[in-house]
Structures are given as C-alpha cells and as structure tokens.
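Trainee: I am new to this structure and would like a close look at a single part of it. Please start with the overall picture and then take me to one helix and its surroundings.

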Amino acid sequence: MARKRKGNKIDGWLVIDKPYGMGSTRVVGKCRFLTKAQKVGHAGTLDPLATGVLPIAFGEATKTIPYIMDAEKTYQFTVTWGESRLTDDAEGEVSERSENRPVREEILRILPEFLGKIKQTPPAFSAIKINGERAYDLARAGKSFEIKDREVEVYALKILDSTMEAATFEMRCSKGTYVRSLGRDMALKLGTFGYISMLRRTKVGMFGLDSTISLVKLEELLHSAPLEEWILNVVTVLGDILALALTKEQAEFLKNGGFISRESLPSSSLAGGTYKVMLGEKLIALCELDENYLKPVRVFDL
C-alpha cells in the first residue's frame, strides 16, 4: 500500500516574481513552507542575482513542467562594459579590464550577429554537468574543465538604453540561452569586456510579469484567502496541445494505463502526435497517438 504524502494537495501553477539574491530552489522551498503543499517544483532556473518570472508547479502540475521548460523566454538585461567577471555577472571577481567603451552606433552594428541560431559557450559558473558534476562546483573548487558550445536561437534582440558605461537590452530567445554568455560575447565582439549587471526575466511561454505575485504578497494572501482561489489550472501550460474529448469509460481506461485503438476515437482522421484528454474541464491524461493506438504518457489525479 502506497504511503500517503504529507501536506496539502494543491494542483496548479503559481508564477512568482523571483526576488534579487534568492536562488530558484530557495523560492520553491519558501512556497512549500508557506502553502504546506505536498509537491512543488519550478520551471526554468533563474540565477540568484536575476529577478522576474519563475513559474512554480504544485502537485499534478509538476508533470507538465517539461512543456513550459521548452517555451521561449524574454529577458531584459544590462551589460556593464570594461570588466570581465569570473561568473559573467556582478557576483564574480574581476578577471580582466579594458578602457574601451562602445558607443550606441557600434552596439547597433553588431546586434545582427547575435540574432537567429548562434553558438555560445555556457558560463563556467553554471549548472551544466561535466562528467556528472555541476560546472559551478568544479569552478569553485578551482578545477580545470571544458564546456562545449551549444546552439541556441535568439528570435529578437534590441537595445533599450545606452550610456558610456553600460547598455540595456531586451531579448526573446529559445530555451538553454545563457544571457551571461551573450553579454560576455557581445563585449568581446566590441573589443572590450563586459558582464551582466542586471537581469530580469519578463516572460516564460504564456506567463508574463502581469501573471506574477511576490513572495511577500503570497504570504499576505494566504492569511486571507485559500491558495486554490487564485492558483492557475494545470492545463494552463498545455494551450498548444490539442484537446481530445472521449467518453467517461474511455477516459477512465486511459487513466488506468489502457491503450485505445484509433478506430475507437471520435475521428479516424486525427494526425499522430500528442493530445490532452479532457473529461469536461478536467485533465485526464497526456497521450501519444500513433498509427494504431492512443497511449497514455502522463496521467493526472485531479
């Protein structure tokens, strides 16, 4: 007999405006402490010095984390010129200096080189795994290692403000894009050094800053209203996945791990791929449809 999980059963999404100086894992811990939820996770790590949109998944919503992790993201960030930092942000020690300061026209000329599919090397102080160990652990231990570059995609990049000492940008990009690497590489292309002195994530998939709540506000609201009144539905992050309405019997069969033949589905002309099976407003399962069967990939206890 399975052991009953301790805590409140809460299912859905909450979008936190992550405060400066707090790591994503600490934010999850704070949300778990405040809500006493059984299960909590986050979608998309933010560095401690970054702020902004951090989607928090409760309960059954944790099963949908991969679908929001793959979503595009938008950032606003400032690159301070003239210094290279070991961490590529304000937290690290200065490693190199330059007297060169780019002007706005020079910055505008190099921006197209950082649009589209580009190669970038993640920072040494990152969560990338090297032979099973986190890069930041190896870096703090003073060990030598190599991080392979990777391809990411930048959909939009524009300058918002510029002074002689720093420039602020807005970027819309794919998953896996390191803003710290982009700032470092832009500075090198401009013949100087640079590091990220401000980073704010303004959007993750469908979640924008207008969807967020601060940890302080969360604590205040929990004293006056139950979390369930304003938590977002589990299906919120599955908007791009087609819904498939089945009978109650079919839905229960899928929920128990059964396969349903294509001929038994409402339409025999359905394309293969991923579908969300709904029973009214209730999410039952995420399924894959191949040439023969509809098969459950994730089932939900909602």
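What percentage of the 302 residues of the chain count as buried?

Mentor: The share is 46%, where buried means under 20% relative accessible area, exposed over 50% and partly exposed in between, using a 1.4 Å probe and protein chains only. Please keep in mind that this is a predicted model, in which local features need pLDDT of at least 70 and side-chain atom pairs pLDDT 80 or more, while totals for chains, interfaces and linings use all residues. Numbering starts from 1 along each chain as its sequence is written, and side-chain values rest on heavy atoms, without hydrogens or water.

The chain has seven helices and 19 strands; these are DSSP runs, numbered from the N terminus, with at least four residues (H or I) for a helix and at least two (E) for a strand.

Now to our part, helix α5, which spans residues 179-189 and is mostly covered, with eight of its 11 residues buried. Among them are Val-179, Leu-182, Met-186 and Ala-187, but also Arg-180 and Arg-184. The buried residues of α5 pack against several elements, including β4 (73-81), α3 (104-110), β10 (150-162) and β11 (166-173). Just past the helix, Gly-191 has a positive phi of about 80 degrees.

Rings of Phe, Tyr and Trp (its six-membered ring) pair if their centres lie within 6.5 Å, with planes under 30 degrees apart stacked, over 60 edge-to-face and the rest tilted. The whole structure holds three such pairs. In one of them, Trp-13 and Phe-207 are tilted, 6.0 Å centre to centre with 45 degrees between the planes. Trp-13 sits in β1 and Phe-207 in β13, so this pair ties together parts 194 residues apart in sequence. Phe-77 and Phe-169 have ring centres 5.4 Å apart and planes at 25 degrees, so they are stacked. Because Phe-77 belongs to β4 and Phe-169 to β11, their pair links parts 92 residues apart in sequence. Phe-77 and Phe-169 are both buried.

Technical notes: Contact means heavy atoms within 4.5 Å.
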